[in-house]
Amino acid sequence: RLISGRPEPGALDLDQWHPAYLELFPGWYDDWALFEREHQRQLLLHALEALARQLSARNRGAEAVTAAMTAVAAEPLRESAQCVLIETHLGEGNLCEARRAYHVYRELALRELDVEPSPRLSALIARATRQGPSRV
C-alpha cells in the first residue's frame, strides 16, 4: 500500500521498519526461498523509498531521511534509494547534505561498478546546486 500511495494508518510510523526485515528465510537456499527472499527484499526497498517520499511530502523530514537512509544502508548501490535520500535532503533545504550523499554514492559507484551516477541523478544535484538552498 505504501508503494501504491495508499498507506494504512500507522504505515508511516518508522518504528515498524527495520533493515532486519530484509532477511527472509535466513539460511534457506532452496530455489523457491531464494526467489521469494529477493522478491520480498525488492518490495521492502520500494516501500522504504515510498515511505521516505510520503513522509517528506508531509513535512516529516527527519523521518523521511531516516527511511531513505535505511533503504540506502540495505542496498548502497541502489540508485533509486540514493535518489530518494538526496531528494529528502533537498526537500529540507539541506543542499550540503544532498551534495555529500551524491559524492559518497558517486565514489561508491565508481569504485564498485566503474560507472557514474545516472544523468538523471547528476542533473538533480546539478540543478539544486545552481539554484542554491534558498530555492530548493
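Colleague: What is the relative accessible area of arginine 53?

Modeller: Arginine 53 has a relative accessible area of 38%, which counts as partly exposed. Buried means under 20%, exposed means over 50%, and partly exposed lies in between, using a 1.4 Å probe and protein chains only.

Colleague: What kind of model is this?

Modeller: This is a predicted model, where local features need pLDDT of at least 70, side-chain atom pairs count only at pLDDT 80 or more, and totals for chains, interfaces and linings use all residues. Residues are numbered from 1 along each chain as its sequence is written, and side-chain values use heavy atoms, with hydrogens and water left out.

Colleague: Back to arginine 53. Which side chain does arginine 53 meet in a salt bridge?

Modeller: Glutamate 87, at 3.3 Å from N to O. A salt bridge here is a side-chain nitrogen of Lys or Arg within 4 Å of a carboxyl oxygen of Asp or Glu. Arginine 53 lies in helix H1 and glutamate 87 in helix H3, so the pair ties together parts 34 residues apart in sequence. Helices (H or I, at least four residues) and strands (E, at least two) are DSSP runs, numbered from the N terminus. Glutamate 87 is partly exposed too, at 27%.

Colleague: Why do such side chains pair up at all?

Modeller: Side chains of opposite charge can pair when their charged atoms come close.

Colleague: How many salt bridges are there?

Modeller: Eight, by this rule. One of them joins arginine 78 and glutamate 49, with the closest N and O atoms 2.6 Å apart. That pair links distant parts of the chain, 29 residues apart. Arginine 78 sits in the loop between helix H2 (61-74) and helix H3 (79-91), while glutamate 49 is in helix H1 (residues 31-57).

Colleague: Are arginine 78 and glutamate 49 buried or exposed?

Modeller: Buried. Arginine 78 has 11% relative accessibility, and glutamate 49 has 5%.

Colleague: What about glutamate 97? Which residue does glutamate 97 bridge to?

Modeller: Arginine 100, with the closest N and O atoms 3.3 Å apart. They are three residues apart in helix H4 (residues 95-113), so about one helical turn separates them. Glutamate 97 is partly exposed at 33%, and arginine 100 is partly exposed at 45%.

Colleague: Which residues are linked in a network of salt bridges?

Modeller: Glu38, Arg41 and Glu75.
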